[in-house]
Amino acid sequence: MKVRIPDPLRSYTERQAVVEATGDTVGAVIADLDRQFPGIRFRMVDEQSKIRPHMKVFVNEDAVRDPETRVTPSDELTIMQALSGG
Amino acid sequence: MATTYVESPELVDDGPVLLVGTRKGAWIVAGDEQRSHWAVAGPLFLGHIAQHMVLDPRDRTTLLLAAGTGHLGPTVFRSEDLGRSWKEATRPPAFTAGDALGRSLRAVFWLSPGHAREAGTWYAGGSPQGLFRSEDAGDTWEPVRGWNDHPKWETWAEWPDEGTPDGSMLHSIIVDPRDASHLYIGLSGGGVFESVDGGADWQPLNAGSVATFLPDPEPEFGHDPHCVRLHPLQPDRLYQQNHCGIYRMERPEARWVRVGDNMPRDIGDIGFPIELHPRDPDTAWVFPMDGTDVWPRTSPGGRPAVYATRDAGESWTRRDSGLPDRGWFTVKRQAMAVDARDPVGVYFGTTSGEIWASADEGASWECIAQHLPEIYSVEHADPTSRR
């Protein structure tokens, strides 16, 4: 499926804004991203497998927090950041 | 004194090198042999929170940077060419997956090289107060389970995190130069703790130091050490700049003596950093701050000054020649450093983004960099290759 990568994580994807990854859950797709782009997962998912507080993950247009959320190859995953602070 | 600002580090002289971590990136500041010209190189990792940057004193080549952002998880970057190129740690510090307390690391706060005879070994302290160890020069990290999973961790460490404004943290990781298995750590808040078995078990080491913010002012733990130092030439001597004073301990005694009582009453003995003379265990420098009222943490009276002792804290001398008459900044616990030259160079970075240097052990000061972001850390480095 198509995964949209936010600017702060593109240092891991060779500046690609959109990449392909596979998996039948959000967590599995992110794990596949980490296989392709080592290190990217821990920057957005903590060691307890929780999506970090300021990271937003959308399946199509629906915001999800649960890595166990099911996805299909026709879905699109968008990773965003809630930028805040100064 | 002259300063130039450059983009990438080109260390063409043999002067001291300062590694500067700030709230918005890292800089490498290099001086000439006379310590009169400085090149400020950076930013490195602009926008990243650079907590601590440390050069391995054993190979004088490996540079580690503890970094994060406000949004992305914490990590460690490594460089073997003095910051020209970087690689992220393959496995950064992290608590164990499925951790019983559900802890996840918010920041890598402190880096300490391991024992001189354990090449490639490093320790990292975090927020929350985890301790982590690497045996491959910072590429992969493992939790120190004897600390992180200690049955009393939850009692000793301020947890759930309700501590300092930037969160509770583990800092001042000290390895006894005589014995790699003898470790000290500082917890803000929590106190000083000691291990004599390589981190498998730990004991509080806080007797004699006060915690005026607790109902029992002399508890076994719960203190707030801001910075703990051991003198490498006299490893039985510890100094501590604490939330409630300046202390010294002479092992095997296990009781802190408040040498800050010898500071002028109108200045007090509150502060963050304490730095030691590399060749004289009786000499130390502190940067007192205002710990009255609502704790502004700026210099008492807004008059910045370093205080130096030459007799292990029995007396203190004000060292402010060249410093501004008025200033309203803070010097954080990692933001003071000394070089190893003769006379010793003393340095501090401010929350207002200035670096001040003294080439005469604190007798006079000059500003060598300004307009940097809020400075979190300043470390001295002596790299083997500068080109």
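The model is predicted: local features need pLDDT of at least 70, side-chain atom pairs count only at pLDDT 80 or more, and totals for chains, interfaces and linings use all residues. Residues are numbered from 1 along each chain as its sequence is written, while chains are lettered from A and ligands numbered from 1 in the order in which they are written.

**Overall form of chain B**

- Chain B contains 2 helices and 28 strands; helices (H or I, at least four residues) and strands (E, at least two) are DSSP runs, numbered from the N terminus.
- Its radius of gyration is 19 Å, close to the 21 Å given by the globule rule for 387 residues, so chain B is as compact as a globular protein of that length. The radius is taken over C-alpha atoms, and the rule is 2.2 Å times the number of residues to the power 0.38.
- Along the principal axes, the C-alpha atoms of chain B fill a box of roughly 55 × 50 × 40 Å.
- Of the 387 residues in chain B, 54% count as buried (20 or more other C-beta atoms within 10 Å of the residue's own; exposed means 12 or fewer, partly exposed in between, with C-beta atoms placed from the backbone).
- Among contacts in chain B with a separation of 6 or more, 51% join residues 24 or more positions apart; two residues are in contact if their C-beta atoms, placed from the backbone, lie within 7 Å.

**Interface with chain A**

- Contacts link 15 residues of chain B with 15 residues of chain A.
- The side of chain B that touches chain A has 6 nonpolar, 7 polar and 2 charged residues. Ala, Val, Leu, Ile, Met, Phe, Trp, Tyr, Cys and Pro count as nonpolar, Asp, Glu, Lys and Arg as charged, and the others, Gly among them, as polar.

**Backbone features in loops**

- Most residues other than glycine have a negative phi, and most peptide bonds are trans.
- The bond from Ser127(B) to Pro128(B) is cis, with omega near -5°; Pro128(B) is in the loop between strand E10 (122-127) and strand E11 (131-134).
- A cis bond with omega near 10° also runs from Arg251(B) to Pro252(B), and Pro252(B) lies in the loop between strand E19 (245-250) and strand E20 (271-276).
- Arg35(B) has a positive phi, near 60°, and is placed in the loop between strand E3 (25-31) and strand E4 (37-44). Arg35(B) counts as buried, with 21 C-beta neighbours inside 10 Å.
- Ala137(B) has a phi near 60°, a positive value, and is found in the loop between E11 and strand E12 (142-143). Ala137(B) is buried, with 20 other C-beta atoms within 10 Å.
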